Amino acid sequence: MDYDLIIIGGGPAGYVGAIRAAQLGKKVVCIEMERAGGTCLNWGCIPTKALLKSAELKQLLGHIGDYGLSVGEVGVDFPKVMSRSRAVSDQMARGVEYLFKSKKVDYVVGKAQIQSPADGAIKKVNVTGADGKTQTLTGKSILICTGAKAKTLPGVKVDGDKVITSREALVVKKAPKSIVILGAGAIGCEFAYFFNAFGSKVTILEMLPQILPVEDAEIAEFLKRSFTKQGIEIHTDTKVEKTEVLEKGVKLTVAGGKTFEADQLLVAIGVDAQTDGLFGNGVKLELDRGYVKTNDRYETSIKGIYGAGDIIGPPWLAHVASHEAIEAVEGLFVPGKKPHKVTVFPGCTYCVPQVASVGLTEKAAKEKGIKYKVGKFPYKASGKAVAAGDSEGFVKVLLGEKYEEIIGAHIVGADATELIAEYTLAMSSELTADEINATIHAHPTLAEMDHEAVLTAEGRPIHI
């Protein structure tokens, strides 16, 4: 037997789980079919943030006069924007590879396949490298962290030219003159902001009643208005019935007969589990809608095989994946440790304005029959926000009516994805309004708004 633990997948779940297992003194190998860091680091979270920063700076330079400054004409080197994004990913991937080496984690690049009999005392995994050669690794346990891949439209080929997913969007040679984005989740909204900032005519088509469907309705509506002001065309409650790839672009027909044409189509309608070729003959794990089903210890239907991250289903978030992998590894190797399923976690969208949330939306609270108070504080009442020229947005917090515990928080505006951390800590620690109010927040900071929103929910705001 070669290893205590074989981890398949080197993304935020896989590489973090591997490092934690090594810290616990276990012999561990991480198998990744492309490069350390997985989709998030190489084709998702990290490179998109690099692109979004370029877009944000471009927009800021367009308003530089508001700050009493002047510059010459701002040019755009779009290929350099894209290459910087790739360079950031390369740097971070090398960082993970260094961590593997320093933490004494074995790292193998190749396509992994779990072999039968998988429920025996020794687990076997075949790994096929780029050269076609296969090696067999053995271990006591397996942790599956293969993540998810972008969904595609049936009958519509992703060609990297007229039809793309988020992956192909990260290596486009130039910004299209026009683009239709199908799906208004976090990925769709982030790319809508990016392409619009670089001059593309952007149209968003969303089947559900609001953009960012998982977010609070009031937050989503605010972002929709902001996007519309920026020049992004948005159509919600819009179901696409036909997609055609034309000689010079694409044409989409929606319910009711209306058509939309553009140079390019970005499909951002969600993700599917990444299990292609993962299971050898005779290896049959129980699945739920294609995702690997696990119990409260992250163990699958086959003893000794575990799962964590996107492969076990929503929420499809890198930080949740990392946490789940640590829980699974510690549950496996730390005596007496009882893993827990993730229930409190922040969700973030990095367009401008940013969106972040944790806990219940108002709609969810009403559906659960929970009585609550709402507190809202606008960015325009924050001295720091006004001074920085980022006064668009608001902070919204939901408190339980009886005990004033935080049951949900929703932010739209500058640095929302940073501000949400305080509320996430408060919820995971079961803090109430009293603890937030007893915490002195530095002035002037955006973080003061977290405090002010709580005060507003209690009916005693200071600055509004």
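Begin by selecting T48, L51, L52, E190, F191 and F194, which line the largest cavity. The elements that give two or more residues to this lining are α3 and α6 (186-197), where helices (H or I, at least four residues) and strands (E, at least two) are DSSP runs numbered from the N terminus. A cavity here is a set of points, on a 1 Å grid over the protein atoms alone, where a 1.4 Å probe fits but cannot get out, whereas a pocket is an open set with protein on both sides within 12 Å along at least five of seven lines; lining residues have an atom within 4 Å of a point. The largest cavity has a volume of about 30 Å³, a volume being the space filled by probe spheres set on grid points that are joined across faces, edges and corners. By class, its lining has four nonpolar, one polar and one charged residues, with Ala, Val, Leu, Ile, Met, Phe, Trp, Tyr, Cys and Pro counted as nonpolar, Asp, Glu, Lys and Arg as charged, and the others, Gly among them, as polar.

Bear in mind that this is a predicted model, in which local features need pLDDT of at least 70 and side-chain atom pairs count only at pLDDT 80 or more, while totals for chains, interfaces and linings use all residues. Residues are numbered from 1 along each chain as its sequence is written, and side-chain values use heavy atoms, with hydrogens and water left out.

Next, select D161, K174, P176, D263 and Q264, which lie nearest the centre of the second largest pocket, among the 13 residues that line it. About 270 Å³ of space lies in this pocket, and its lining comprises three nonpolar, three polar and seven charged residues.

Now pick C40 and C45, which form a disulfide with their sulfur atoms 2.3 Å apart; the criterion is a pair of cysteine sulfur atoms within 2.5 Å. The link of C40 and C45 is left-handed, with -130° about the S-S bond, and one disulfide is counted by this rule.

Select P314 and P315, where the joining peptide bond is cis with omega near 0°; P315 sits in the loop between β19 (305-307) and α8 (318-333). Then move to H443 and P444, which are also joined by a cis peptide bond, with omega about -5°, and note that P444 belongs to the loop between α12 (433-437) and α13 (448-457). Finally, select K104, which is not a glycine and yet has a positive phi of about 65°, and which is found in the loop between α4 and β3 (106-109).
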